Amino acid sequence: MDHFQHYIGGAFSDGAARFDSVDPATGQVWATMPEARAEDVNAAVDAAEAAFYCAEWASMTATARGKLLYRLADLLADNAARLAELETRDTGKIIRETSAQIAYVAEYYRYYAGLADKIEGAHLPIDKPDMDVWLRREPIGVVAAVVPWNSQLFLSAVKIGPALAAGCTMVVKASEEGPAPMLEFARIFDQAGFPPGVLNVITGFGPECGSVLTRHPKIDHVAFTGGPETARHVVRNSAENLASTSLELGGKSPFIVFEDADIESAVNAQISGIFAASGQSCVAGSRLVVSNKIKSAFLARLKEKAQVIAIGAPDDMATEVGPLCTKRQCETAQDLVDASVAVGAELVVGGQALDREGFYFPPTILDCSNAPDAPCLTNEFFGPVLSVTGFDTEAEALAIANDTAFGLASGVFTKDLTRAHRMIRGIRAGIVWVNTYRAVSPIAPFGGHGLSGHGREGGMQAALDYTKVKAVWLRTSDDPIPDPFVMR
Ligand code: NAD
């Protein structure tokens with residue numbers, strides 16, 4: 001059985017306790033993981049704090065930090081296949097997706113490696129002739145990063161890349177569900193040559209580990225990705241210390257198809273939007289909002305394609321939909337489908353967890369045209385379940401799209417350019433994909449509002465968000481300071 005360890009202060013350790021990790025494809029234990037309790041969390045935060053003030057890191061040039069990040073990116077690219085296998089084994093995410101995603105994660109590190117020495121301060125044209133005033137951008141401090149189980153290497157890269165580029169130090173808490181790829185990442189990070197303690201990786205459960213970390217008095221910023229309910233705990237925890245937060249939460253993203261859309265392209269994008277990663281994606285296009293003029297034809301084509309999706313073992317390159325990460329996740333999907341059908345949602349395809357080893361739920365489509373109160377229209381499934389609503393007018397499409405407490409992603413399919421622009425303006429979400437879906441890049445900001453959180457990851461702004469501004473005033477006159485009782 002594989003045995004994973006924490007990475008604290010540049011050394012590997014077993015953790016105060018240990019727990020078993022289950023392979024979602026078989027339901028069997030395959031590895032043991034370290035479980036952080038308060039003493040491990042404290043050790044990791046102390047190591048990150050010590051590294052933040054140590055001369056080796058604090059006085060390292062930004063260019064040198066960038067070079068270390070480039071080296072890390074190269075090491076990741078070299079080890080991508082092994083990391084992908086581990087992520088697939090521990091989370092059930094299909095190897096097709098983990099291989100492609102982890103190879104691309106290296107590009108995020110390269111992007112932030114290049115940005116490290118482009119994080120600039122500013123000189124201000126101040127309104128006092130005897131003063132020089134400028135802004136220094138300094139690292140925000142010790143960062144706690146808490147990530148969910150899905151795409152941990154990707155979701156941590158969008159935090160580690162900009163935070164280290166800015167000169168912060170970090171404690172990353174891997175999810176207790178499928179932590180293997182993050183703990184293995186720590187072994188690779190160790191080879192890149194960063195000073196000990198700059199990055200620490202631990203794992204454990206919410207109350208004993210995540211909670212202790214996010215309320216720790218030495219933490220300056222909490223970067224969290226996960227569900228809205230956990231985010232509320234995290235914000236309460238960080239409030240004790242008044243630490244700043246960035247929150248990347250879930251979604252209930254609308255996928256809007258107008259009658260003039262390229263149907264084949266829209267169907268493929270919808271398949272990718274809801275069935276890729278078995279629907280376990282924060283940007284899943286889980287609400288199809290489709291023109292009534294093409295609804296039947298569109299659903300027929302979607303059903304045809306959904307029925308031939310290859311469901312199978314996640315480590316098989318031919319598999320398109322694998323298991324869900326946990327048994328609980330599978331049960332939640334079943335409960336939500338059943339509750340939606342009970343209030344009038346019509347099952348187009350799927351709907352029943354598979355009777356086989358592992359946690360498999362099939363691609364499922366629910367037509368909610370006669371079930372406006374179906375819970376599948378409002379609750380995030382985190383599974384391969386699509387709800388469908390028809391519309392007659394553009395205004396109606398927009399109203400349905402915005403009828404959500406989330407605001408992460410959205411898709412619009414139309415060939416009408418002016419309509420596309422009206423939709424782009426009207427949709428309340430952090431991302432609008434037009435005639436495409438589920439595309440990401442290190443260069444583009446990613447994030448939402450409302451129950452989807454706040455703050456942006458990716459892009460230049462993310463690096464600036466890991467800095468704080470210091471205003472420096474330098475008096476250039478040798479004359480005596482005038483009236484000391486008047487504010488200058
Ligand atoms: P989750 O909220 O249950 O857990 C996320 C992390 O928080 C885990 O590491 C967990 O251990 C930790 N945690 C739990 N309780 C805590 C506490 N009290 N204090 C501090 N940390 C605590 O999420 P999950 O089930 O692992 O992942 C699914 C959720 O993540 C979905 O809602 C999904 O939409 C969201 N997600 C969002 C994005 C995004 O970028 N917007 C990306 C992926 C996933």
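**Exercise 1.** How do the axes of helix α4 and helix α7 cross?

*Solution.* Start with the axes: those of helix α4 (residues 80-91) and helix α7 (residues 180-190) come within 8 Å, crossing at roughly 155 degrees. Axes here are lines fitted to C-alpha atoms, for helices over the stretch in contact, with angles running from 0 to 180 degrees between N-to-C directions. Helices are DSSP runs (H or I, at least four residues), numbered from the N terminus. Next, the angle makes α4 roughly antiparallel to α7 (over 145 degrees counts as such).

Before going on, note that this is a predicted model: local features need pLDDT of at least 70, side-chain atom pairs count only at pLDDT 80 or more, and totals for chains, interfaces and linings use all residues. Residues are numbered from 1 along each chain as its sequence is written, and side-chain values use heavy atoms, leaving out hydrogens and water.

**Exercise 2.** Which residues make the contact of α4 with α7?

*Solution.* Look for heavy atoms within 4.5 Å, the cut-off for contact. From α4 come Arg-82, Leu-83, Leu-86, Glu-87 and Asp-90. Helix α7 brings Ala-180, Pro-181, Glu-184, Phe-185 and Ile-188.

**Exercise 3.** Find how α3 is oriented relative to α5.

*Solution.* The axes of α3 (residues 62-78) and α5 (residues 95-115) come within 8 Å and cross at roughly 170 degrees. That makes α3 roughly antiparallel to α5.

**Exercise 4.** Which side chain has an N or O atom 2.9 Å from an oxygen atom of the ligand?

*Solution.* Check the side chain of Lys-173: one of its N or O atoms is at that 2.9 Å.

Key:
Helices (H or I, at least four residues) and strands (E, at least two) are DSSP runs, numbered from the N terminus. Angles under 35 degrees count as roughly parallel, over 145 as roughly antiparallel, 65 to 115 as roughly perpendicular and the rest as oblique. A polar contact is a pair of N or O atoms within 3.5 Å; within protein, one must be able to donate a hydrogen and the other to accept it, and residues adjacent in sequence count only if both atoms are side-chain atoms.
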